[in-house]
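Here is a friendly briefing to read beside the sequence and the 3D view. Take a moment to get your bearings, and then work through the points by topic.

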Amino acid sequence: MAPRTTPRPVGTVTRGTTNPNRLRRMDRWIAATHGAELRRAADPLAIDLGYGAAPWTAVELLGRLRAAAPRTHVVGVEIEPERVAAARPYEREGLVFRHGGFEIPVPGRPLLVRAANVLRQYDEEQVAAVWERLCARLAPPGDGSRGGLLVEGTCDEIGRRHVWVALGPEGPRTVTFAARLASLDHPSDLAERLPKALIHRNVPGEPVHAFLRDFDRAWAAAAPYASYGARQRWTRAVRDLRADWPVTDAPVRWRQGEVTVRWDALAPARSAS
C-alpha cells in the first residue's frame, strides 16, 4: 500500500512579519460586532489564518474573543511548517496551531476567519477566488444567525492604521477604516493600508477614491472641532460623510477611530486593466 500523503496547503508563504498588539483594532471590532454570533454558538470556532513568524496574534485573538464569548476556541493556521512548530509551545486550552492554508484544515465550519496582511502579496485578480474559497468554509446562516464572518485586511507594522473587508457566506458586506487618530493628518492617509481588493483602485473614477476625497473634505470642514481633540473631529467628519455615503455603524464605533461603509458603495467600478 502506498504511503498516505498529506495534501499540500493552498497558498504561498508570507513574509511572516508580526508584532504584539498589531491587530488590536481589528480584534476589538470583531468582538464588538460579531461577539453575539460567537456567544450563541455551542462550540464557536475562530481561525487566525496566516498568523506569521510568531504566534502573538493568535494568542491575543483568543483572549479578546473570550472576553466577549467565553466558549470561543481559536486555531492558528500557517502555511510554513517551521512557524507551526515554533508556535506549538504556546498552545493552551482553547488554542492550537495547524499547518495549512486557504483550505483551512479543521473539521466543521468556523464562525470567524481572520486573515490579516495575508493577501497583500497576491495579485488583485487572485483576491475574488480566495474570498470565495474562504467564504465557502464559513458556518452557514440559520436560526437567526447570519453565519460565519471572514475579516480580511491590511495594517501597518504596529497597528496604528488598518482597513479591512468583512464578508459573510454570501460575499463582501462592509469595509472598515480604523486608525489611531493622532497618527493621521488626513483620513486619506489610510489609503496606503487599503486591502488588496481596493488598494490599486484609489484613482479617479473609482468609488474608494471618491470616498477618501469626500472624507478629507469632511475632515477639513470639521477642523474647528480639533480644539476638542482628534476624536471629536473624526466623529463630526463621519456625521457629515454619512449624508452621501452608506455608513453602517454608530457614534460608539466612531469614537474608537473607526467608520464602516457598505461594500457595494466602495466596490471596484471596473475590471482591472
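Is Thr-176 buried or exposed? Thr-176 is buried, because its relative accessible area is 0%, where buried means under 20% relative accessible area, exposed means over 50%, and partly exposed lies in between (1.4 Å probe, protein chains only). Please keep in mind that this is a predicted model, in which local features need pLDDT of at least 70, side-chain atom pairs count only at pLDDT 80 or more, and totals for chains, interfaces and linings use all residues. Residues are numbered from 1 along each chain as its sequence is written, and side-chain values use heavy atoms, with hydrogens and water left out.

**The chain as a whole**

- The chain's secondary structure amounts to nine helices and eight strands; these are DSSP runs (helices: H or I, at least four residues; strands: E, at least two) numbered from the N terminus.
- With a radius of gyration of 19 Å, close to the 19 Å that the globule rule gives for 273 residues, the chain is as compact as a globular protein of that length. The radius is taken over C-alpha atoms, and the rule is 2.2 Å times the number of residues to the power 0.38.
- Along the principal axes, the C-alpha atoms fill a box of roughly 75 × 45 × 40 Å.
- Of the 273 residues, 54% count as buried.
- The accessible surface comes to about 12500 Å², and 51% of it belongs to carbon and sulfur atoms. Such areas come from the Shrake-Rupley method with a 1.4 Å probe, and for residues only the protein chains shown count as cover.
- Among the contacts in the chain with a separation of 6 or more, 68% are between residues 24 or more positions apart; contact means heavy atoms within 4.5 Å.

- Leaving aside neighbours within four places in sequence, Thr-176 is in contact with Trp-29, His-162, Val-163, Trp-164, Val-259 and Thr-260.
- Thr-176 and Arg-262 are 86 residues apart in sequence, and their C-alpha atoms are 8.8 Å apart in space.
- Thr-174 counts as buried because its relative accessible area is 13%.
- Arg-180 is found in the loop between S7 and helix H5 (196-199). Arg-180 is partly exposed, because its relative accessible area is 43%.
- Beyond residues up to four places away in sequence, Arg-180 touches Arg-25 and Arg-160.
- From C-alpha to C-alpha, Arg-180 and Phe-211 are 19 Å apart in space and 31 residues apart in sequence.

**Helix H7**

- Asp-240 lies in helix H7 (residues 230-241) and counts as partly exposed, at 30% relative accessibility.

**Pockets**

- About 320 Å³ of space lies in the largest pocket. On a 1 Å grid over the protein atoms alone, a pocket is an open set of points with protein on both sides within 12 Å along at least five of seven lines, a cavity is a set where a 1.4 Å probe fits but cannot get out, and lining residues have an atom within 4 Å of a point.
- Grid points are joined across faces, edges and corners, and a volume is the space filled by probe spheres set on the points.
- The largest pocket has a lining of 21 residues, and nearest its centre lie Arg-15, Thr-17, Arg-22, Ala-116 and Asn-117.- That lining divides into five nonpolar, 10 polar and six charged residues. Here Ala, Val, Leu, Ile, Met, Phe, Trp, Tyr, Cys and Pro count as nonpolar, Asp, Glu, Lys and Arg as charged, and the others, Gly among them, as polar.
- The second largest pocket holds about 280 Å³ of space. Its lining has 13 residues, with Trp-29, Thr-33, Arg-146, Leu-149 and Arg-173 nearest the centre.
- Helix H1 (24-40) and strand S7 (171-179) are the elements that give two or more residues to the lining of the second largest pocket; H1 gives the most, with four.
- By class, the lining of the second largest pocket has three nonpolar, six polar and four charged residues.

**The cavity**

- The count comes to one cavity of 30 Å³ or more, and the largest cavity has a volume of about 110 Å³.
- Of the 14 residues that line the largest cavity, Thr-12, Gly-50, Ile-79, Gly-101 and Val-118 are the closest to its centre.
- The lining of the largest cavity comprises seven nonpolar, six polar and one charged.
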